Amino acid sequence: MPKRTLPGDLPAPMLAKVQPEMPVGDGWTYEPKWDGFRAIVAVDRDGQATLSSRDGRALGRYFPELIERLGSISADGHEPFVVDAEIVRIAPGRMDFDELQLRLHPAESRVRRLAGEIPATLVVFDLLRVGDDDLTVRPLGERLERLTSLASTKGWAPAPGDLDGVGTDPSVLVGPSTEDPQVARAWFDDDAGIGQDGIIAKRIDQPYLSGERGWIKVKHRTTLDCVVGGYRLSKTGATSEPSIGALLLGLYDGETLHYVGHTSSFKAKERRDMLEVLRPLEGGESFEGGRAPGGQSRWSAGKEAAWITLQPVLVCEVTIDRVQKGRFRHAATFVRWRDDREPLSCTFDQVP
């Protein structure tokens, strides 16, 4: 199978599949799962750097401080290289994804100002190419050894075990890894602030499989009962039978229902059948007076799907990874309907 590539003939990121438990045994190594923007970083012989998102979007214009930092330590005659990394925003003792999202601003003047006010950090965790040497075919253990060697020539420091040790200046760090499951579990428990999104488990003898889910990720999961306050239709063609795209979920603060996120983990038939159940409930007040759906995504380019409000009478159980500033960090996973729960009992008190 040919390797998947990004623009500029860069390797597409290797991906991970979710498992509920961390694999253990010989041959496994573990890393914190950083909470930021995944980036394939390429630096040429002249120190010109590019940052590409996992789907090939150019990220460099949003993070000029990282481009400058990569160039200042790379325009030294060394061979060009390509690394796999994560762009993060590290506030005192924690990663702040909300602040990182603010960096994706269209105005260059605003981008430059934010680069000074809330600078980003680049955490490098894999080496994919040096010069003409394609390292993706080599085992992970060899790639990590080569990464350590490259980092020593560039002055990249190892990421500390405690995020309080990371300064606010723009920096390039090498992410930690361990073959000790106890250390990995400590990262997962997040006592030091570096495992806030879980952990990644990798086989030490595995090549880099571009675009494939060859790693394992173990994420924090919490079960919540949420009120269904609305829905969005599936983005299907005009001739297709209408169906549910996503349920819009809320939690109560007193008597006010606030939008917290969505779930879309349904099969095609479930989406069609669900629409028949929801249509008689259309037109309710649901999120009126509280936080409502519709906050533009920085990636949406001005496009935001319309949503239909519902009477807030249905309750469903979902699992989530994290709540950040009152919203689910990622989409929730639907578990079951909760006919036994009163909607007003579904409050923020459930959130750890």
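Buried here means under 20% relative accessible area, exposed means over 50%, and partly exposed lies in between, with a 1.4 Å probe and protein chains only. Helices (H or I, at least four residues) and strands (E, at least two) are DSSP runs, numbered from the N terminus. The model is predicted: local features need pLDDT of at least 70, side-chain atom pairs count only at pLDDT 80 or more, and totals for chains, interfaces and linings use all residues. Residues are numbered from 1 along each chain as its sequence is written, and side-chain values use heavy atoms, with hydrogens and water left out.

Start with helix 1, residues 64-72. Its buried residues are P64, E65, L66, L70 and G71. Contact means heavy atoms within 4.5 Å. The cover over these buried residues includes strand 5 (37-43), strand 6 (49-52) and strand 7 (81-88). It also includes helix 3 (108-117), strand 10 (121-130) and strand 13 (171-174).

Helix 3 holds G116. This glycine counts as exposed because its relative accessibility is 61%. G116 and P170 are 54 residues apart along the chain, and their C-alpha atoms are separated by 8.9 Å.

Helix 4 spans residues 140-154 and contains A151. A151 has 6% relative accessibility, so it counts as buried. Leaving aside residues up to four places away in sequence, A151 touches W156 and V174. From A151 to V172 the C-alpha distance is 9.3 Å, across 21 residues of sequence.

Now turn to a sheet. Strands of a sheet pair through backbone hydrogen bonds, either parallel or antiparallel. Two strands are taken to pair if DSSP finds at least two bridges between them. Four strands form an open sheet in the order 3-15-14-4, with mixed pairing. Strand 3 (15-18) and strand 4 (28-32) are the edges; each has a single partner strand, so one side of each is left without a neighbour in the sheet. From one strand to the next, the twist averages 40°. Axes are lines fitted to C-alpha atoms, for helices over the stretch in contact, and angles run from 0 to 180 degrees between N-to-C directions. Helix 5 (residues 181-189) packs on this sheet and touches strand 4, strand 14 and strand 15. Its direction makes about 25° with that of strand 4.

Is strand 4 buried or exposed? Five of its five residues are buried, so strand 4 is largely enclosed by the rest of the structure. W28, Y30 and P32 point one way, T29 and E31 the other, and all are buried. Strand 4 runs antiparallel to strand 14, joined by five bridges.

Strand 17, residues 244-253, is mostly covered, with nine of its 10 residues buried. Six bridges tie it to strand 16 (residues 222-233), in the antiparallel sense. There, R232 has A246 of strand 17 as its bridge partner. Strand 17 also pairs antiparallel with strand 18 (residues 256-263), over seven bridges. L247 stands opposite T263 in that pairing. Strands 17 and 18 form a hairpin with two residues between them. In the turn, G254 has a positive phi of about 70°.

Most residues other than glycine have a negative phi, and most peptide bonds are trans. Which residue in the loop between strand 1 (5-6) and strand 2 (10-11) is of interest here? That loop holds D9, whose phi is positive at about 60° although it is not a glycine. D9 counts as exposed, at 53% relative accessibility. K325 has a positive phi near 55° and is not a glycine either. K325 sits in the loop between strand 21 and strand 22 (327-328), and it is exposed, with a relative accessible area of 61%.

K325 leads on to a pocket. Q196, R322, V323, Q324 and K325 lie nearest the centre of the second largest pocket, which 14 residues line. Strand 9 (94-95) and strand 21 (323-324) each supply at least two residues of that lining.

How values were computed. 1 Å grid on protein atoms, 1.4 Å probe; cavity = no way out; pocket = protein on both sides within 12 Å on 5 of 7 lines; lining within 4 Å.
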